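Dear colleague,

Please find the structure below, with its sequence.

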Amino acid sequence: MEWNKYYEDQKVKPYAFEKRKDLYEVSLPEETKEIGVYAFSECRNLKRIKLPYTIWKIGAHAFYNCRGLECVTLSAQIKEIEDGAFKNCDGIKEIIIENADPHQLNILHLLLFEITQCVKVTLLFSDGTAVLVFPAYHYSYVANEPARIFSEVSHGAGVSFRECFQQKEVNFRGYDQNFLKAVREESFETVLTLAENRVLFPYQITKEAKNQYILWLRESTEKLIQYHANNQEIEILEKLADAEVLIEKWLDRAAEIATQIEKPACTAVLLQIKRRLNTNKKKKYKFFDL
């Protein structure tokens with residue numbers, strides 16, 4: 001794409017790509033510092049955007065009504081996101097923050113309250129990776145007619161998870177403490193994704209919190225197997241076995257479930273995992289005569 005005519009002083013001009021139907025994926029040039037107001041608004045076919053580390057400001061309504069947008073990759077260097085920058089982008093499923101600074105995540109906090117649907121956030125820190133799932137939420141208003149006032153009521157665990165910030169940092173302990181609330185209020189799919197990602201990417205997780213997630217996952221083994229088998233997500237089962245979530249005593253039952261729902265590839269992987277665990281156990285307890 002020829003960018004020059006859409007730029008002015010290292011800034012994407014206001015309304016530059018408004019209502020373009022031929023934009024599906026955008027990766028802006030490295031020298032970009034700012035995105036003007038309504039620059040990509042109403043680009044309904046836009047699926048993915050990647051913003052360079054040089055950007056420090058996203059203007060008001062820059063991606064307004066990009067309803068097909070699914071993944072946003074940006075840098076922690078962004079200092080300002082103006083009002084409504086991602087308003088009505090209700091298709092966003094994933095946010096990736098590159099070069100993330102654990103002490104400078106206020107921009108994520110702002111983003112999360114603009115995106116009300118369930119979203120997975122990947123934080124790429126210099127010392128590790130955190131993958132956090134923030135459930136959906138919405139508000140309703142209850143009228144107190146005699147007093148002529150309205151009370152705001154939140155629904156869904158998403159608000160509690162989005163409040164797990166202290167100043168500019170994610171409060172990982174507070175995030176993990178909301179897990180049981182998510183179990184009570186959210187769908188199995190949301191809770192499963194949340195728990196799996198905290199176990200597989202255990203950034204700043206306490207032993208107690210990790211054990212809580214593992215216990216729930218083990219208790220949910222049957223539904224877990226059915227879910228991943230139906231979605232052809234076989235590789236996740238191997239990762240869960242490596243993380244000691246899927247343990248030997250559950251694997252026979254898991255293989256039976258996979259066979260019942262006619263997922264032979266899943267059955268094969270589960271049996272392979274069981275053989276590997278048995279081999280490791282034999283190695284661990286092998287004794288030698290001296």
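**A salt bridge within one helix**

In helix α4 (residues 179-185), Glu185 and Lys181 are four residues apart, so about one helical turn separates them. Please note that the model is a predicted one. The side chains of Glu185 and Lys181 meet in a salt bridge, with an N to O distance of 2.9 Å. Glu185 is partly exposed, at a relative accessible area of 39%, and Lys181 also counts as partly exposed, at 22% relative accessibility.

Is Glu34 buried or exposed? Because buried means under 20% relative accessible area, Glu34 counts as buried at 16%. Lys11, with a relative accessible area of 26%, is partly exposed.

A further salt bridge is formed by the side chains of Lys50 and Glu98, at 3.8 Å from N to O. Lys50 lies in strand β5 (residues 48-50) and Glu98 in strand β9 (residues 94-100), so the parts tied together here are 48 residues apart in sequence. Lys50 counts as partly exposed at 40% relative accessibility, and Glu98 counts as partly exposed at 24%.

**The open sheet**

Five strands make up an open sheet, in the order β1-β2-β4-β6-β8, and their pairing is mixed. At the edges are β1 (7-8) and β8 (80-81), each of which pairs on one side only. Strand β6 (residues 57-58) and β8 run parallel and are joined by two bridges. Within this pairing, Ile58 has Ile81 in β8 as its bridge partner.

**Two helices in contact**

Which helices are described here by the distance and angle of their axes? They are α7 (residues 221-230) and α8 (residues 235-242), whose axes come within 9 Å and cross at roughly 145°. By class, five nonpolar residues, one polar residue and no charged residues take part in the contact of α7 with α8. On the α7 side, Leu224, Ile225 and His228 meet Ile236, Leu237 and Leu240 of α8.

Yours sincerely

How values were computed:
Residues numbered from 1 in each chain as written. Predicted model: local features only at pLDDT ≥ 70, side-chain atom pairs only at ≥ 80, totals over all residues. Heavy atoms only, no water. Pairing = 2+ DSSP bridges. Axes fitted to C-alpha atoms, helices over the stretch in contact; angles between N-to-C directions. Contact = heavy atoms within 4.5 Å. Nonpolar A, V, L, I, M, F, W, Y, C, P; charged D, E, K, R; others polar. Buried < 20%, exposed > 50% of the residue type's maximum accessible area, 1.4 Å probe, protein only. Salt bridge = Lys/Arg side-chain N within 4 Å of Asp/Glu carboxyl O.
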